[in-house]
Amino acid sequence: MRKLILTLCGSVVLTLATTVRQVLIPIECEQTGYYLVVDNDGTVFQKYFGSRLSTPASLLPNDPQKTNKNTDAEAYSAFGNGNTNETALRLIHSDGNMTTLLLYDSHRVLPSQDANIVVTEVVLKDPAYPLQVTLFYTAYQKENILTCRSVIRNDETGSVRLDGLASGYLVLPPGEFFLTHFYGAWSAEMQMKEDKLSQGIKVIDSKKGVRTTQSENPSFIISVSHPAEENCGEAIIGTVAWSGNYKLSFEVDNLNRLHILGGRNDFLSDYPLDPGATFSSPELILAYSDCGTGEASRNLHRWARKYGIQDGTMPRPVVLNSWEGAYFSFDEQTILKMIDDAASMGVELFVLDDGWFGEKYPRNNDKAGLGDWQVNRKKLPGGLKTLIDHAHARGLGFGLWVEPEMVNPKSELAEKHPDWIVGTPNREPILMRNQLLLDLSNPAVQEFVYNTVSGVLRENPGIAYIKWDANRHVENFGSAYLPADRQSHFWIDYIRGLYGVYERLSEEFPDVIFQACSSGGGRADYGALKYHHEFWGSDNTDAYSRIFINWGFSQIFPSMAIGSHVSFSPNHQTKNVSSIKFRFDVAMSQRLGVELQPKLLTPEELEWTRRGIETYKRIRDVVQLGDLYRLISPYDDTDRASMMYVSEDQSKAVLFAYSLRYHYREDYPHVRLQGLDPDKQYRVTELMPAPKPGKTDSTRPAIQCEGETFSGDFLMKYGIKILIRNAGESAVLELTEI
Ligand code: GLA
């Protein structure tokens with residue numbers, strides 16, 4: 001039997017017609033490899049995913065019979081032909097046949113402008129039906145990120161009913177598996193939970209349609225052999241780039257293998273594929289490390305800054321958002337004064353949140369006006385222009401809140417276009433925050449949403465930032481636009497419609513910063529983030545809560561994308577009391593902002609705010625563009641947390657440490673640093689040491705080695721003792737190479 005080993009080069013297409021022989025399809029990054037093998041009957045098997053192999057050709061068995069469906073998993077499984085686990089593809093052919101056989105047709109590496117991006121295309125066909133599935137694997141060489149997606153084309157003479165088309169399918173060899181997933185709710189997003197997987201299927205999904213993360217985020221971590229560790233062991237991070245219904249399933253089979261399927265949720269989502277039509281899945285993004293979750297997260301962050309979010313190399317400005325400072329109660333003078341105060345505190349961009357619009361039904365609370373995007377001249381007689389000019393005159397950028405996918409029943413929009421509202425015929429509408437959802441599967445609504453945002457931006461030149469909110473999910477489902485037999489398209493067409501609008505806007509307004517928001521952190525996914533610069537982490541701005549929320553987000557998203565704001569104490573959501581230092585030290589570990597009414601700050605708080613913002617500007621490049629090392633997890637029993645960022649050239653680092661409770665007489669933690677160059681010398685400086693209790697003119701340092709110099713080797717092996725013991729104490733250390 002002829003053994004054919006292929007080395008991929010250029011865009012050469014290999015098609016093995018009738019006599020398929022063993023073919024190796026290597027999909028490789030610098031350190032990660034995923035290898036497919038085509039068997040002699042044309043079945044494509046996935047043989048290995050993990051650290052890149054130096055001799056992958058050894059995956060080709062001498063005896064092809066050794067590769068078989070009992071022990072090897074297909075690269076992309078379809079229902080039927082002995083596949084009894086959850087399958088990547090399920091469909092009903094035009095003649096009613098519910099089984100599909102996917103065999104190798106060809107593969108090639110697509111031509112690329114960027115040597116860092118290698119896309120491998122694998123074409124599979126059903127020998128009995130003119131139907132093909134193309135798998136696209138994109139290997140980001142330096143970042144060690146692999147993304148997968150699939151596209152199906154129906155060339156049958158009749159329609160095919162598509163029941164499920166996964167973005168990616170990954171099977172791990174027999175072992176023990178631990179799943180970390182991210183659950184939560186409004187104000188408690190991204191809580192981490194780890195479970196040992198046992199036989200059967202664990203599903204993480206959303207059927208909420210619009211907000212991906214109000215219950216579970218479409219991301220996961222699989223740790224092999226033992227619970228997830230930051231710095232050791234095999235870890236796979238996966239995340240679905242889709243802002244609608246998604247599904248992740250983890251099935252441990254009777255051979256103890258783990259089958260991971262990820263992509264859109266097929267729940268009530270039948271999508272008939274007409275003859276000649278194609279249908280694409282979103283991407284499943286995968287990061288692998290054999291050195292723990294820390295490295296896998298760093299890989300993902302590096303990838304995200306370069307490819308996953310907008311302008312990921314551009315440091316983000318410090319914003320003051322008006323929401324917690326003014327809510328709906330403001331007039332022009334309030335905002336002008338807030339802008340003045342923001343400027344004097346060193347803020348770089350002022351964001352006017354909800355409440356600025358609505359004429360017939362002014363938006364003075366959340367009960368009316370949503371959908372009517374005309375400035376409320378009673379509140380703001382000079383329009384947005386007066387505010388924008390005022391901000392510019394004080395050297396600030398200006399940003400604006402919009403929620404263009406939604407409508408209050410009490411609005412001119414709802415009166416004019418009741419057919420644009422998502423709702424179920426013969427059922428009462430279900431209100432959520434007094435609002436309803438607009439039907440973005442309808443092109444007229446897409447146009448309205450596009451015109452709303454582009455209109456505001458065009459008519460008010462100088463808006464540099466848009467906070468795009470979406471404060472409800474789908475409850476009463478139904479589209480007046482889609483025909484009866486295509487209602488199940490709604491979930492997908494809505495998000496496609498939304499992405500179409502995002503795309504037009506981000507192309508047309510490349511200099512505007514877009515923030516994704518959805519009842520706080522409800523739209524944190526790489527589908528939406530492709531068109532955004534950042535997301536609002538949570539409406540819970542309490543520093544204690546944010547340590548956990550941000551810890552969860554940090555597993556998947558880079559710090560520069562996580563909006564984290566200093567707000568009032570007692571906190572409006574949790575009523576917790578915390579010092580302004582603690583609030584700053586927490587918010588400064590991500591993309592810092594402020595969300596309060598400056599005139600209500602005490603002189604000490606105001607002074608601290610100025611210093612906090614100034615300090616953040618000093619460390620911003622390291623925090624936003626550096627590599628994250630998580631040192632002490634708040635989820636560990638220590639009730640402490642610590643993390644640090646290191647600049648790419650390892651010349652600078654910033655360490656954050658927090659104490660979450662009173663630690664009695666326990667010793668102070670010795671925090672061992674990571675990511676430094678062992679041979680470099682670093683000077684250690686504490687930034688903004690805490691004031692002595694009751695005093696404003698003297699400080700109580702958290703380290704005893706202020707200004708001293710240590711080698712990276714010493715700092716990483718011995719560490720630094722950080723003298724924080726009480727609840728709400730914290731320290732920020734700057735390390736500078738000398
Ligand atoms: C949501 C957002 C908040 C704020 C309000 C305004 O709750 O998460 O940050 O913008 O809407 O109504």
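This is a predicted model: local features need pLDDT of at least 70, side-chain atom pairs count only at pLDDT 80 or more; totals for chains, interfaces and linings use all residues.
1. A polar contact here is a pair of N or O atoms within 3.5 Å.

2. Gly520 does it through the backbone, with an N or O atom 2.9 Å from an oxygen atom of the ligand. Trp536 uses its side chain, where an N or O atom is 3.3 Å from a ligand oxygen. The protein covers 97% of the 310 Å² of accessible area that the ligand has on its own.

3. Which residues come nearest to the ligand? They are Asp353, Asp354, Arg433, Lys467 and Asp539, out of 13 residues around the ligand. By class, this shell holds six charged, four nonpolar and three polar residues.

4. Now confidence. The protein chain has a mean pLDDT of 94, and 96% of its residues reach 70 or more. Among its elements, strand S24 (residues 349–352) has the highest mean, at 99. Strand S1 (residues 14–15) has the lowest, at 46.

5. Treat the start of the chain separately. Over residues 1–18, pLDDT stays under 50. The model still has 45 contacts for this stretch beyond four places in sequence.

6. Next, a sheet. Four strands make up an open, antiparallel sheet, in the order S2-S3-S4-S5. Strand S2 (23–28) and strand S5 (73–74) are at the edges, each with a single partner strand, so one side of each has no neighbour in the sheet.

7. The pairings inside this sheet can be read one by one. S3 (residues 32–38) and S4 pair antiparallel over seven bridges. Val38 stands opposite Val44 in S4. S4 (residues 44–51) is joined to S5 by two bridges, also in the antiparallel sense. Phe45 stands opposite Glu74 in S5.

8. Asn81 sits in the loop between S5 and strand S6 (89–92).

9. Ser569 and Pro570 are joined by a cis peptide bond, with omega about -5°. Pro570 belongs to the loop between strand S31 (562–566) and helix H10 (580–587).

10. Finally, Glu28, which has its place in strand S2. What does Glu28 touch beyond its neighbours within four places in sequence? Its contacts are Gly33, Tyr35, Arg52, Leu53, Pro56, Ala139 and Gln141. With Arg52 there is also a polar contact of 3.3 Å between the two side chains. As for Glu706, it is 678 residues from Glu28 along the chain, and the two C-alpha atoms are separated by 46 Å.

How values were computed. Residues are numbered from 1 along each chain as its sequence is written. Side-chain values use heavy atoms; hydrogens and water are left out. A residue is near a molecule or strand if one of its heavy atoms lies within 4 Å of it. A polar contact is a pair of N or O atoms within 3.5 Å; within protein, one must be able to donate a hydrogen and the other to accept it, and residues adjacent in sequence count only if both atoms are side-chain atoms. Accessible areas come from the Shrake-Rupley method with a 1.4 Å probe; for residues, only the protein chains shown count as cover. Ala, Val, Leu, Ile, Met, Phe, Trp, Tyr, Cys and Pro count as nonpolar, Asp, Glu, Lys and Arg as charged, and the others, Gly among them, as polar. pLDDT is the predictor's confidence in each residue, from 0 to 100. Contact means heavy atoms within 4.5 Å. Two strands pair if DSSP finds at least two bridges between them.
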